[in-house]
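Subject: Structure handover and findings

Hello,

Here is the structure I promised to pass on. Please open it alongside this message.

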Amino acid sequence: MKSTDLLERAHRLAGHYCVTDGKKFRLKDVDAGDTAWLDEEQKPQAKEALQEGIEALAELQEMLYAQDQWSVLLIFQAMDAAGKDGAIKHVMSGVNPQGCQVYSFKSPTSEDLDHDYLWRCMKCLPERGRIGIFNRSYYEETLAVRVHPEYLAGQKLPEKLITKHIWDDRFDDICNFEKYLAHNGVIVRKFFLHVSKKEQLRRFVSRLDEPEKNWKFSNADARERELWGDYMDAYEATICHTATKGSPWYVIPADNKWFTRIVVAAAVIDTLASLDLHFPNVDAARQKELAEVRNTLLGTQ
């Protein structure tokens with residue numbers, strides 16, 4: 001296994017942005033441009049550290065897969081252009097594709113709307129031994145749906161269930177669901193990549209000015225930007241009500257992509273390292289059987 005020094009550094013960095021009790025959480029206290037104790041001059045060293053982290057993550061993931069007991073669900077939420085896709089791509093670049101599953105949740109389909117709001121995500125939960133990644137998730141139900149009342153109206157809920165307490169009910173549902181997952185060996189870690197409104201604008205303009213990035217821009221992104229304040233309120237309320245010790249949120253500054261990726265990697269490494277992973281032990285009988293197979297193979301040369 002990688003050095004204990006690397007694991008300790010990952011634990012310290014991840015813990016700096018981990019929210020396990022949301023009661024006192026306030027989004028205004030998080031600086032989207034923060035880079036902890038690192039600065040721009042240390043960017044090259046930070047990239048080297050990321051590569052080292054990716055190698056450690058690959059080793060931990062291999063043991064997770066071999067042990068076949070735990071599964072890990074990583075949930076990414078953010079405003080548009082915050083860097084979710086890039087963080088997933090870079091941090092998970094060294095992971096064996098057989099042990100990782102990525103799902104991106106767009107607007108619900110008609111089939112989705114004929115079920116409860118957790119249904120489409122439940123179908124995609126990771127199997128034992130695997131890392132599952134949700135690019136957006138059931139948390140859209142307390143974010144986009146809260147900001148857009150028309151989305152809630154399209155969910156075919158009985159009228160008497162749409163009360164002023166509906167968001168509190170959903171927070172309770174989600175916390176209970178994540179507690180259920182934890183009781184079944186599914187470790188849930190949630191990431192909010194917190195980009196500033198100013199940096200989002202810069203990235204939007206970059207997508208418009210650079211032809212190779214035009215495909216990334218959507219008119220809907222610009223319209224959602226007009227609801228920035230509503231979204232920030234929704235994110236704060238969601239984190240306040242669903243950050244727990246068992247299923248924490250990592251609220252990660254996202255104005256500097258290089259730093260965002262390091263913190264995400266640190267959090268995933270820290271999570272896997274906490275599971276006491278190891279390769280399965282082979283008992284004496286099995287070792288004897290393997291020795292006989294080896295002798296047989298060598299005897300057929």
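What follows is a short tour of the findings, by topic.

Please keep in mind that this is a predicted model.

**Arg189**

Start with Arg189, which sits in strand E5, residues 186-194. Its relative accessible area is 12%, so Arg189 is buried. Which side chain of opposite charge is nearest to Arg189? Asp270 is, at 6.9 Å. A salt bridge needs a side-chain nitrogen within 4 Å of a carboxyl oxygen. Arg189 is buried and has no salt bridge. Its side chain does have a polar atom 3.1 Å from the backbone oxygen of Gly246.

The surroundings of Arg189 come from several stretches of chain. Setting aside neighbours within four places in sequence, Arg189 contacts Leu73, Leu74 and Ile75, then Gly246, Ser247, Pro248 and Tyr250, and also Thr271. For a distance reference, take Leu227, 38 residues away along the chain from Arg189. The C-alpha atoms of Arg189 and Leu227 are 27 Å apart.

**Nonpolar cores**

The largest nonpolar core has 81 residues. Met92, Tyr138, Phe191, Leu193 and Leu272 have the most contacts inside this core. Helix H12 (residues 257-273) supplies the largest share, 11 residues. A second core is separate and has six residues, including Ile166, Trp167, Phe171 and Ala237.

Helix H2 covers residues 43-67, 25 residues in total. From first C-alpha to last, H2 reaches 36 Å, close to the 36 Å expected at 1.5 Å a residue. Its buried residues are Ala46, Leu50, Gly53, Ile54, Ala56, Leu57, Leu60, Gln61, Met63, Leu64 and Gln67. What do they pack against? The partners are helix H1 (4-16), strand E2 (71-78), helix H3 (84-91), strand E4 (131-135) and H12. Asp68 follows H2 and has a positive phi, near 60°.

Now take helix H13, residues 284-299. How many of its 16 residues are buried? The number is zero, so H13 lies largely in the open. Its length agrees with expectation: 16 residues at 1.5 Å a residue should span 22 Å, and the end C-alpha atoms are 23 Å apart.

**Salt bridges**

There are 15 salt bridges in the structure.

- Glu141 pairs with Arg170, with the closest N and O atoms 2.9 Å apart. This pair links distant parts of the chain, 29 residues apart. Glu141 is in the loop between E4 and helix H6 (144-147), and Arg170 is in helix H8 (residues 166-183). Both Glu141 and Arg170 are buried.
- Glu199 and Arg203 meet at 2.8 Å, N to O. They are four residues apart in helix H9 (residues 197-209), so about one helical turn separates them. Glu199 has a relative accessible area of 12%, and is therefore buried. Arg203 is at 6%, so Arg203 counts as buried.
- Lys213 bridges to Glu210, with the closest N and O atoms 3.6 Å apart. Lys213 has a relative accessible area of 27%, so Lys213 is partly exposed. Glu210 is partly exposed too, at 28%.
- Asp5, Arg9 and Glu52 form one network, joined by salt bridges that share partners.

**Glu178**

Is Glu178 buried or exposed? Its relative accessibility is 3%, so Glu178 counts as buried. Apart from residues up to four places away in sequence, Glu178 touches Tyr138, Tyr139, Val188, Lys190, Thr242 and Ser247. Two of these names have come up above. Tyr138 is one of the residues with the most contacts inside the largest core.

Best regards

Definitions and conventions: Residues numbered from 1 in each chain as written. Predicted model: local features only at pLDDT ≥ 70, side-chain atom pairs only at ≥ 80, totals over all residues. Heavy atoms only, no water. Helix = DSSP H or I, 4+ residues; strand = E, 2+ residues; numbered from the N terminus. Buried < 20%, exposed > 50% of the residue type's maximum accessible area, 1.4 Å probe, protein only. Lys, Arg positive; Asp, Glu negative; His and termini not counted. Polar contact = N/O pair within 3.5 Å; in protein donor to acceptor, adjacent residues only side chain to side chain. Contact = heavy atoms within 4.5 Å. Expected span 1.5 Å × (residues − 1). Core = buried A, V, L, I, M, F, W, Y, C linked by side-chain atoms within 4.5 Å.
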